[in-house]
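Hello,

I am handing over the structure we talked about, and my notes follow below it.

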Protein chains: 2
Amino acid sequence: MKKARKTVEELRLRATELTNLNNIIALLHWDQEVMMPPGATKDRASQFATLSTIIHKRITDPVLGDLLQLAAEHCGHLAGKDKALVRILSREHARNIRLPEKFVADFARLTSESLPAWVAARKQADFKVFLPYLEKIASMSRQKTDYLGYEDHPYDALLDLYEEGLTSISLTEIFTSLQPDLTWLLQEKRVASAADDPVFPFPPIAEKDQIAFSEKMLAEIGYDFTRGRQDASPHPFTTSIAHNDRRVTNRYSTDSLEFIFCALHEGGHALYEQGVDEDYAGTPLDEGVSLGIHESQSRLWENIIGRSRLFWIHYYPVLQQYVPDPFQDIKIDQFVRHINRIQPGFIRVEADEVSYNLHIIVRFELEKELMAGNIRVDELPSLWNEKYRNYLGLIVDSDAKGVLQDIHWAHGSFGYFPTYTIGNLAAAQIWQRYCLYDPEYRQTLQQGQLVKIRQWLTDNIYCHGAIYPPAELLQRVCGEPLNSGYFVDYLRNKPEFSP
Amino acid sequence: MKKARKTVEELRLRATELTNLNNIIALLHWDQEVMMPPGATKDRASQFATLSTIIHKRITDPVLGDLLQLAAEHCGHLAGKDKALVRILSREHARNIRLPEKFVADFARLTSESLPAWVAARKQADFKVFLPYLEKIASMSRQKTDYLGYEDHPYDALLDLYEEGLTSISLTEIFTSLQPDLTWLLQEKRVASAADDPVFPFPPIAEKDQIAFSEKMLAEIGYDFTRGRQDASPHPFTTSIAHNDRRVTNRYSTDSLEFIFCALHEGGHALYEQGVDEDYAGTPLDEGVSLGIHESQSRLWENIIGRSRLFWIHYYPVLQQYVPDPFQDIKIDQFVRHINRIQPGFIRVEADEVSYNLHIIVRFELEKELMAGNIRVDELPSLWNEKYRNYLGLIVDSDAKGVLQDIHWAHGSFGYFPTYTIGNLAAAQIWQRYCLYDPEYRQTLQQGQLVKIRQWLTDNIYCHGAIYPPAELLQRVCGEPLNSGYFVDYLRNKPEFSP
């Protein structure tokens, strides 16, 4: 027992060191996106290389492997927190020792060279420019699945990187029933939501008003500015630089309402991280457990809460006060109708709540077959376009608006996309659970009592950090596994879609 | 020879890693001062601890010691750059292995505990509150001199930390002749510069105007904003986050001209670092060689150039354009007289060019005797007050305005202060050299041809980074060692002091 305690103490020390180093990497990224002068790009890459090498050496250290094995043998006697620590570090250790150092370096070089090719291909709307790179990335990604290992399907090895335990089989089952439902709902709701109001587009919105209102929104949902900050960046994101330092970014364009929903979306991510139990600080438990559960929180605040009429009954006067121009002249009904318009489009990141997941299902089906070796990379554009015709009823006439639209494949991130939909589905399922807890939820929203919602989410999800695997967390919160029925019901019954 | 080449290659790799890690530490500091939310202070301390431990392990690595010894044996065959690399790494290695790890940790803990005591003592103007801490700091600093080693005087071990090769003997010689000259000049010039113009104090200056003009000043002296940025911080500083990322900060108070001279001061530091030869990037040569030489560049731009009437003949209309309120109503002669007013005061950081170094001489004399064990810590206030009466003609009636005014001792930084005066002396000496090179220097200034001055400084000082020790660099630039005569002549003849 004494040996077990010493082992755990040593593991905790190593976990703190790794957590600190990973947080410093996060700061380097945040700084690069938000602050760094443009001339320093190469220098920063060298700094990343130095830190990444140190982290890789530490996580693959055979001594760490021995400590983890020793701890696993005493797992029955460990506290829950230490058990989770062993589970997470073991996953990280195993994943890292399975990937040969040369492979990791080659893959990093390949994706870094692929990025400009993807940018050029998208600019020229010419898939051929990106094709040779994507072929290598897909081929190396298949190799990666072999290194990482899997039971049923090679794609599972990649899915598990982003969402522990997620499999092709379970996703196929969910998506196979979800796709026709969504395609059907899209037809129905796009007609119901009808054409947009002529007050849109509106005159330019002053940046200072956008900043003031987005800060107000963050404060209202409970984001703690003494433990975070909001800045501008070309691509909005949330990052954790420390337990008490969870930063968000936003994007301010004069002709878009993005600043509102970006604040709620990134704010949702940040609330999750700010809500993790202080006891987990300095360990790998001190973060959201998976990309899917994380996305459920951003989407819950952005869409389910943030696009509801009830929410705006309380907050529309605040918006009109902070951003009088143009909202003084727009009625709440016009506004709510506008932010809930259903209209299938080519671009995922601009998609409405109904069509969004169809974009993801297309990606999933293509990625799965690609990783199984059932389709070729050069077939992707035609397969893509066919699926968009079938699922969204759209004729894609340019690869720039089609298969080339997203950066993820150029980054080599196969397996990432499905977590967006996991997030949307889990958000509806969790919200349904919240409504059981708070039958007066309509009043709660209408009176802006967001603290009540945040507290329930904190107690049931945020505080746990990464201590439970994502599926176990969902089971605990909802009493059942992931179920897409709640999301379909939510879309079907959302009153804002049928005004 | 092949072995020597391999040794140097290995040293270069290790140097790059160390440089990257030190630059990351600089980013953590910059972020803490400029961006970090207040709640994250403890987390950041833990991140510093992790990185500092890694750096300490690497710099004290016995394998590095062996490599350095091997390289030193082949020093005759090394390129100048590699020779300097070996010299600097050897200094760092030796210094770090001489200080026991426990001592370093204890000293860090002591100074971190002393900081709040110093803050409280200064607030209450009560030296006794700080006394027990300062006694421990002084005692451990003396212990540090024993660990580090010295030839003549214990204080030399500390001076050398900030200014390679600087000794008590040489400083005593310089300061002994400088002090009476300064005390005499102070009497003479304070009468000549007379009372201040009634236009001062002026109405509040808008912060946005301060930012715009300070950025304009930085751009004019040649600061490259693609390789740096200016932000606000409570205590202005310059830091190097990478070869192409040298950041400055400024402080904007509505009732002070500090924003102008801060931009020129920090800009001078930053020009030095931005001017280092690209070939030295990723090595410890990629920085200014010492605190004294660094300060010579900040002071040259801030005082010798930035407080000259000739400079303002060109730039005063620019100031009036950027900051019309209040400068539209102030004449250039009033402005130049105001920024060159000679008036002894209690506070070092507010001191004019003549009295400034008297503050430093007081510190030097006290630190030297303290490290030699010739005076006790509890005698410091009375000794301080006595020297202020003799050198500056001031009766110090509160330790808050006296011995407690600066943070350096609470940090444990004995030996730091003299570099400020080294900087002032070297600035005048280097400027005199520049005037020999450019006999039309008056016209150069008056026409705002700052590029000419910056180019000469770059070619003669900046580009060399840390390749020459500070005394050798000065000898190369000026053809003689540090000579305080130029500074005394500069003060004596500066026309702005006798308007």
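Ala125(A) sits in the loop between α5 (101–124) and α6 (127–148) of chain A; helices here are DSSP runs of H or I with at least four residues, strands are runs of E with at least two, and both are numbered from the N terminus. This is a predicted model, in which local features need pLDDT of at least 70 and side-chain atom pairs count only at pLDDT 80 or more, while totals for chains, interfaces and linings use all residues. Residues are numbered from 1 along each chain as its sequence is written, chains are lettered from A and ligands numbered from 1 in the order in which they are written, and side-chain values use heavy atoms, with hydrogens and water left out.

Most residues other than glycine have a negative phi, and most peptide bonds are trans. Ala125(A), though not a glycine, has a positive phi near 50°. Its relative accessibility is 35%, so Ala125(A) counts as partly exposed (buried is under 20% relative accessible area, exposed over 50%, partly exposed in between, with a 1.4 Å probe and protein chains only). In chain B, Ala125(B) also has a positive phi, of about 50°.

Next, the peptide bonds. Asp325(A) and Pro326(A) are joined by a cis peptide bond with omega about 20°, and Pro326(A) lies in helix α13 (residues 324–327) of chain A. A cis bond also links Asp325(B) and Pro326(B), with omega about 20°.

Now to the helix pair. In chain A, α11(A) packs against helix α17 (residues 418–437) at an angle of about 60°, with the axes 7 Å apart (axes are lines fitted to C-alpha atoms, for helices over the stretch in contact, and angles run from 0 to 180 degrees between N-to-C directions). The two helices α11(A) and α17(A) are therefore oblique to each other; angles under 35 degrees count as roughly parallel, over 145 as roughly antiparallel, 65 to 115 as roughly perpendicular and the rest as oblique.

Finally, one residue of α11. Is Glu302(A) buried or exposed? Glu302(A), in helix α11 (residues 291–305) of chain A, has 9% relative accessibility and so counts as buried. Leaving out residues up to four places away in sequence, Glu302(A) touches Phe261(A), Leu264(A), His265(A) and Arg307(A), where contact means heavy atoms within 4.5 Å.

Best wishes
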